[in-house]
Amino acid sequence: MHPAVKEVSPHEDYTLTVIFDNGEAAVLDIKPMLDFGVFGQLKDYDTFKRVHVAFDTIEWECGVDLDPEFVYEKSVSPVTA
């Protein structure tokens with residue numbers, strides 16, 4: 001079982017700062033995903049910045065979401081929360 005996402009903050013370089021319920025904070029780089037399928041919608045920064053926490057993971061208003069295990073495993077630590 002992976003930690004749940006508690007907070008997410010978007011950045012102009014298409015990265016997200018993610019804070020998990022175990023106290024860890026990390027950065028998730030979304031840029032490598034922007035040319036694949038539904039993730040292409042996130043190339044529009046106005047769409048990208050509308051990210052929020054939903055069901056212990058991250059989701060965008062356009063309906064794109066990520067598996068919570070993926071978020072935890074692909075995030076790069078450490079980041080000072």
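Is Phe 48 buried or exposed? Phe 48 is buried, with a relative accessible area of 0%. Keep in mind as you look around that this is a predicted model.

**Tyr 14 and Phe 48**

- Tyr 14 and Phe 48 form a tilted aromatic pair, with 4.9 Å from centre to centre and 50 degrees between the planes.
- This pair links distant parts of the chain, since Tyr 14 sits in the loop between β1 (5-10) and β2 while Phe 48 belongs to helix α1 (residues 45-48), 34 residues apart.
- Tyr 14 counts as buried because its relative accessibility is 15%, and the cut-off for buried is under 20%.
- Ring pairs also join Tyr 14 and Phe 48 with Tyr 45 and Trp 60 in a cluster.

**Phe 20 and Tyr 72**

- Phe 20 and Tyr 72 make an edge-to-face aromatic pair, 5.0 Å from centre to centre with 85 degrees between the planes.
- Here too the pair links distant parts of the chain: Phe 20 is in strand β2 and Tyr 72 is in helix α2 (residues 68-74), 52 residues apart.
- The two partners fall into separate accessibility classes: Phe 20 is buried, at a relative accessible area of 3%, whereas Tyr 72 is partly exposed at 24%.

- Strand β2 (residues 15-20), which holds Phe 20, pairs with strand β3 (residues 25-29) in the antiparallel sense, over five bridges.
- If you want a place to start tracing the pairing, Thr 15 has Asp 29 in β3 as its bridge partner.
- Four residues lie between the two strands of this hairpin, and Gly 23 has a positive phi there, near 95 degrees.

- Phe 55 is not a glycine either, yet its phi is positive at about 50 degrees.
- You will find Phe 55 in the loop between β4 (51-54) and β5 (57-60).
- Which class does Phe 55 fall into, buried or exposed? Phe 55 counts as exposed because its relative accessibility is 80%, and exposed means over 50%.
- Tyr 14, by contrast, counts as buried at 15% relative accessibility.

How values were computed. Residues numbered from 1 in each chain as written. Predicted model: local features only at pLDDT ≥ 70, side-chain atom pairs only at ≥ 80, totals over all residues. Heavy atoms only, no water. Pairing = 2+ DSSP bridges. Phe/Tyr/Trp six-rings, centres within 6.5 Å; stacked < 30°, edge-to-face > 60°. Buried < 20%, exposed > 50% of the residue type's maximum accessible area, 1.4 Å probe, protein only.
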